[in-house]
Amino acid sequence: MMLQETPPFWWRARSWPTRLLAPAAMIYGRVARRNLERGERADIDVPVLCVGNFTVGGGGKTPTAMALGRAAKAAGLRPGFVSRGHGRSGRGAVAVDPEHHSAGEVGDEPLLLATVAPTAVAVDRKQAAALLKREHGVNFIIMDDGFQSSRLWIDYALIVIDARRGLGNGAVIPAGPVRAPVIDQIRLADALLVVGQGDGGDAVIRRTARANKPVFEAALEPRDGDRFGGMRVLAFAGIADPTKFYASLAALGAGIVETRDFPDHHVFSKGDMDELSAAAWRSGLQLVTTRKDAVRLATGTATQQLFFKECEVLDVDLRFEPDSLGARIVRDTQLAFRRRKFR
C-alpha cells in the first residue's frame, strides 16, 4: 500500500483517530504478517539485497539503494535495481531508460536508480528481476522497497529508518504508518540502518538490538551545497517528509523565506507551477526543490520542463558510517546466498 499523502495524525502521538481505526489495523496487520511469513518468494538464482522500511514513505530507501549499488559495482559485481515504480502508468516489466522514459512511465525513483545501474520496474518484482538478468546479465539484485511484498527470495533485508521521524505513532495501517507489526518485521530483517540524527527511532532501535540484529548508521550529505549559502529561497517538495529537505537547506545557510509541501510523487499541475513561479518572482526568491521532484519535472510535459529551468536542485548522497559498511552488506548478501544455495 502506498498513499500519495499520509494523514498528519500518523506522525503525532496516538489520539482518537488511531483508536478509532485500531480494529481495521488489527485486520491489516494479520494479513501483512501472513504475507511476510507465507509469501511465494521466487528464487531467481542470484543474490537479492532488499532495502525496505517499516513504514509508508520516507526513510531514505532510495539513496541507500543507490549507495549499495555503487558498493556492489566497486566489488566487481553487475548489480541491477528492482522497483515497483510508484506512480507509473503501466504494470508490466519495463527496463528503465533515463534518456527516453518519463517519471509517469516508470516512476521517479527508478529514474534515479538507473543513473547508477540497470533498473527494471514491475508490479510483480520477480518479472523485473528476470528482465534484468535476461537483458543486462546482472548478478546481484537490489530491491528498492518490497520487503513486505514477499515476491522474491530475499538473502539480506536491510531496513532503513529515519532517526528523526521514526515510526510516527507506531500503529499499523490505517491507524498509523507501519506496514506490518513491527515485531514481525524485525524478526525477518537482517539489519537496521538508522539514517541521520534524532531520537524518533530509539524505541525500534532498542527492539532490534534486543533481537540480536545489527544496527548500522548512515547520513545524507548534500552534494555541492555551498552554492546555497546566503540564497533566499522558496523551497518546495513532493516527497514523504519535506521537513528533512528544508532542514538540509537551512543547514547549508540558505534563507528559507517560503515553503510549499505537496504529496509524495506529486505530479505538478500548471496551476501549481504558476503559483510557485509567481510567489518566487513576487518576493525575489530562488525556487529550490529535491532531485526526486526535479526528475518528475525534467522528464514531464513541455510546461513542466520549462518550469524546471527556473529551479535549483539540492542533491544528497548517502554516506555509510563507516564508509566500508556498504561493502560489508554486499558481502554478507553474497554469503547468505551461497549458504542458501548449498545448504
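Helix H7 (182-188) is among the elements that cover the buried residues of helix H2. The model described here is predicted.

Helix H2 runs over residues 22-38 and has 17 residues. From its first C-alpha to its last, H2 reaches 24 Å, close to the 24 Å expected at 1.5 Å a residue. Its buried residues are Ala25, Gly29, Ala32 and Leu36. Seen down the axis of H2, these buried residues fall within an arc of 70°, so they line one face of the helix. The face of H2 turned away from this buried side carries the exposed residues Pro23, Ile27 and Arg38. A residue counts as buried when its relative accessible area is under 20%, and as exposed when it is over 50%.

Helix H6 can be described in the same terms. H6 covers residues 125-136 and has twelve residues. Its span from first to last C-alpha is 16 Å, close to the 16 Å expected at 1.5 Å a residue. Arg125, Ala128, Ala129, Leu131 and Leu132 are the residues buried in H6. They cover an arc of only 160° around the axis, which puts them on the same side of H6. What covers these buried residues includes four strands: E2 (79-83), E3 (94-95), E4 (119-121) and E5 (140-144). Just after H6 comes glycine 137, which takes a positive phi of about 60°.

The next topic is empty space inside the model. Rolling a probe the size of a water molecule over the atoms shows where empty space is left. The structure holds two cavities of 30 Å³ or more. The table gives their volumes and the make-up of their linings.

| Cavity | Volume | Lining residues by type |
|---|---|---|
| Largest cavity | about 80 Å³ | five nonpolar, six polar, two charged |
| Second largest cavity | about 40 Å³ | six nonpolar, one polar, two charged |

The largest cavity is lined by 13 residues. Of these, Thr55, Gly57, Gly59, Asp162 and Gly166 lie nearest its centre.

How values were computed: Residues are numbered from 1 along each chain as its sequence is written. This is a predicted model: local features need pLDDT of at least 70, side-chain atom pairs count only at pLDDT 80 or more; totals for chains, interfaces and linings use all residues. Side-chain values use heavy atoms; hydrogens and water are left out. On a 1 Å grid over the protein atoms alone, a cavity is a set of points where a 1.4 Å probe fits but cannot get out, and a pocket is an open set with protein on both sides within 12 Å along at least five of seven lines; lining residues have an atom within 4 Å of a point. Grid points are joined across faces, edges and corners, and a volume is the space filled by probe spheres set on the points. Ala, Val, Leu, Ile, Met, Phe, Trp, Tyr, Cys and Pro count as nonpolar, Asp, Glu, Lys and Arg as charged, and the others, Gly among them, as polar. Helices (H or I, at least four residues) and strands (E, at least two) are DSSP runs, numbered from the N terminus. The expected span of a helix is 1.5 Å times one less than its number of residues. Buried means under 20% relative accessible area, exposed over 50%, partly exposed in between (1.4 Å probe, protein chains only). The arc is that of the directions from the helix axis to the C-beta atoms. Contact means heavy atoms within 4.5 Å.
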